[in-house]
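Hi,

Here is the model I promised to pass along. Have a look at it first, and my notes follow below.

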Amino acid sequence: MPPRLPLARAARCCSEMAIGAPSMFATRPASLVSLFAALSVQTQTKPQSQTRSASILANLSDNRGAYHKRIRKGRGASSGYGKTSGRGMKGQKQHGSVHPWFQGGQTPLIVSHGRKGFENLRADKMSEINLDRIQAWIDAGRLDPTKKITPRELILSGIIGRSYKDGIKILARGKTGLKMPIDIMVSRVSAAAIEAIEAVGGKVTTRYYTKESIKRLVQGDSISTDKPLPVGAEHVADILEKARSAKKHYYRLPDPTSRWDIEYYRDPAHRGYLSHTLKPGESPSLYFKVPGVKAAFVKSTKAKKVNAEDLDEKLF
């Protein structure tokens with residue numbers, strides 16, 4: 001911004017010039033250009049004084065890099081991007097865009113050979129936690145190993161943040177560093193993690209959770225339990241009585257409904273909470289039964305009685 005010129009100073013300057021040069025004004029009147037030509041603005045700076053002319057208004061310009069020239073295509077040959085506008089002479093790419101999967105007009109490979117593999121878009125998304133991270137949280141005092149560890153304790157401790165996914169899975173990285181026994185109940189646990197936890201005297205239980213049930217568990221609207229909802233008309237009265245006598249309404253944790261989930265939590269190898277429902281020798285599968293032990297075939301030692309009449313009737 002150019003410096004402002006005080007009117008009193010400008011008037012005083014013009015009057016001094018007129019008084020100091022009477023002969024010049026006597027011959028011809030002074031013009032405004034000649035009067036303001038001698039006017040200068042003094043700006044004081046710390047290192048030294050500097051004099052600038054009022055003609056700075058004609059030299060104003062933007063800072064370097066403040067203005068970027070916009071490229072205008074198709075505005076003549078002098079612009080540098082005229083005629084073909086940078087697209088080249090001929091060809092398909094000159095007239096429009098081409099899809100990345102375009103293969104020159106031939107039959108696409110995905111049509112001639114088909115799709116390979118399978119991606120289950122409906123699969124459950126799990127939050128994965130390793131044993132070394134759990135041990136680090138225990139050492140820092142953020143997890144209490146003397147109490148049962150459920151998804152509520154894991155989320156509130158900040159080990160996975162407040163990310164409500166379909167469940168939590170324990171993996172076995174750092175299994176040799178697990179020092180103390182823990183009682184943990186999550187959605188899934190790997191076989192190596194089960195072995196490492198039980199090797200130090202811990203306990204593992206897998207239970208079916210959903211995203212909504214984990215959210216309610218963290219908010220305190222559900223109670224963590226490893227017992228499924230009893231099935232049968234004889235249990236209805238007891239359950240209703242407990243629900244009505246409770247001071248607060250709690251949502252019950254859901255039980256699995258799909259075949260895969262039911263078979264997973266019925267399997268003792270996964271430490272499923274439904275494994276107690278299996279009968280001795282029964283398979284976790286809902287459709288395939290474990291073949292039982294068949295009774296050995298015992299050949300009868302009793303001799304048949306031979307009648308004399310039958311012998312007489314035989315010719316040979």
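How many salt bridges does the count come to? Taking a salt bridge as a side-chain nitrogen of Lys or Arg within 4 Å of a carboxyl oxygen of Asp or Glu, the count comes to ten.

Before the details, some housekeeping. This is a predicted model, so local features need pLDDT of at least 70 and side-chain atom pairs count only at pLDDT 80 or more, while totals for chains, interfaces and linings use all residues. Residues are numbered from 1 along each chain as its sequence is written, and side-chain values use heavy atoms, with hydrogens and water left out.

On to the sheet. Helices (H or I, at least four residues) and strands (E, at least two) are DSSP runs numbered from the N terminus, and two strands pair if DSSP finds at least two bridges between them. On that basis there is an open sheet of three strands, in the order S3-S4-S6, with parallel pairing. Strand S3 (126-130) and strand S6 (188-189) are at the edges with a single partner strand each, so one side of each has no neighbour in the sheet. S4 (residues 167-171) pairs with S6 in the parallel sense over two bridges, and the bridge partner of Lys169 in S6 is Arg188. Helix H6 (residues 131-139) packs on this sheet and touches S3 and S4, where contact means heavy atoms within 4.5 Å. The direction of H6 makes about 70 degrees with that of S3; axes are lines fitted to C-alpha atoms, for helices over the stretch in contact, and angles run from 0 to 180 degrees between N-to-C directions.

Arg188 turns up again among the salt bridges: its side chain meets that of Asp124 at 3.4 Å, N to O. Arg188 lies in strand S6 and Asp124 in the loop between helix H5 (109-113) and S3, so the pair ties together parts that are 64 residues apart in sequence. For burial I use relative accessible area: buried is under 20%, exposed is over 50%, and partly exposed is in between (1.4 Å probe, protein chains only). Arg188 is buried at 16%, whereas Asp124 is partly exposed at 37%.

Two other salt bridges sit within helices. In helix H9 (residues 211-219), Arg216 and Glu212 are four residues apart, about one helical turn, and their closest N and O atoms are 3.7 Å apart. Arg216 is partly exposed at 26%, and so is Glu212 at 45%. In helix H11 (residues 259-265), Arg259 and Glu263 are also four residues apart, about one turn of the helix, and their side chains meet at 2.9 Å, N to O. Here Arg259 is partly exposed at 39% but Glu263 is buried at 18%. Separately, salt bridges that share partners join Arg207, Arg252 and Asp255 into one network.

Last, some backbone angles to look at. Ser85, in the loop between strand S2 (49-52) and helix H4 (92-95), has phi near 60 degrees, a positive value in a residue other than glycine. Ser85 counts as buried at 17% relative accessibility. Arg271 likewise has a positive phi, near 60 degrees, and is found in the loop between H11 and helix H12 (308-313). Arg271 is partly exposed, at 28%.

Cheers
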